[in-house]
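Try each task before you read its solution.

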Amino acid sequence: MSSPPTDQHPSTENRLDNPLAKTPNIVDWSQSLDLGYDGPTPPATICFYCGKSAPLSKCGKCGIAFYCNRECQTSDWKKGRHKHVCASYTRLSLLSAKDTMETTQTTVRNEIFGRIRFYACPYAVFKTQELGKGLLFIQSNCTLAQLSLTIPKDTTGRMIERSILMHFLTLGEFDADVISDDFEMAATRTKLQELVNTYNSEKEVVLLLRLRCGHVSLGKGILVPDYQICKRLGADYYAENPAGAVQLNLDDL
């Protein structure tokens, strides 16, 4: 297995880091659990550059990107995007390593909220005015690992759609709609009630994150932008939304 050409390693200046990797920690995550959802069997890995099957070599730096041959690997490094996102794939190992898993998961969750907060916070404020205090239930069709990547290309070399679905729920709606559908979510109920009862709706938002892999996290985030701006944006964005839920394509934000 071969590594990228030694003279082609990205420098600090030209590496394409996740633009939200330095997002301030504006969420206090107080509970996390893994429900261990069974996902589909992943398809065979394809070449990260040309998309053909049966790749024979891989990037020696991240160990994730596979290629048909040396030519494809070199082309992806020079002409494609792997030179700039290799570090993003390298980070995947930190999500499963015992000594780095908790810290890395927190970082990725903060990046997710950092990406959607200018939509999520106005939505939460708008729905709070309508329904009273509650929580922002955030779901995704992707795993935590997929959402941690800088670009929407998974570990098999395929492009993926990464979306977020947001619902604002009262505790009663959480009981009726979420726990009744997935009884394992009841494990968050005690802490959830504590957060909903004590958070300041003009400064904070309660977040419940559930991902395709079964990763669930509960926390309290700071409203960004501030409350008055959220009120105005919420009325502009969501007053004409009869469905109530909001879906966001992460890679369009």
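Two exercises follow, each with a worked solution.

This is a predicted model, where local features need pLDDT of at least 70, side-chain atom pairs count only at pLDDT 80 or more, and totals for chains, interfaces and linings use all residues. Residues are numbered from 1 along each chain as its sequence is written, and side-chain values use heavy atoms, with hydrogens and water left out.

**Exercise 1.** Work out how the axes of helix H6 (residues 171-179) and helix H7 (residues 189-198) cross.

*Solution.* 
- Start with the axes (lines fitted to C-alpha atoms over the stretch in contact, with angles from 0 to 180 degrees between N-to-C directions): those of H6 and H7 come within 11 Å and cross at roughly 155 degrees.
- Angles over 145 degrees count as roughly antiparallel, so H6 and H7 are roughly antiparallel to each other.
- Now the partners: Leu171, Phe174, Asp175 and Ile179 in H6 meet Arg189, Leu192, Gln193, Val196 and Asn197 in H7 (contact means heavy atoms within 4.5 Å).

**Exercise 2.** Find which residues of H7 are buried, and which are exposed on the other side.

*Solution.* 
- Buried means under 20% relative accessible area, and exposed over 50% (1.4 Å probe, protein chains only).
- Arg189, Leu192, Leu195 and Val196 of H7 are buried.
- Looking down the H7 axis, these buried residues fall within an arc of 125 degrees (taken from the directions from the helix axis to the C-beta atoms), so they line one face of the helix.
- On the other side of H7, Thr190, Asn197 and Thr198 are exposed.
- Packing partners of the buried H7 residues include H6 and strand E1 (27-34).

Key: Helices (H or I, at least four residues) and strands (E, at least two) are DSSP runs, numbered from the N terminus. Angles under 35 degrees count as roughly parallel, over 145 as roughly antiparallel, 65 to 115 as roughly perpendicular and the rest as oblique.
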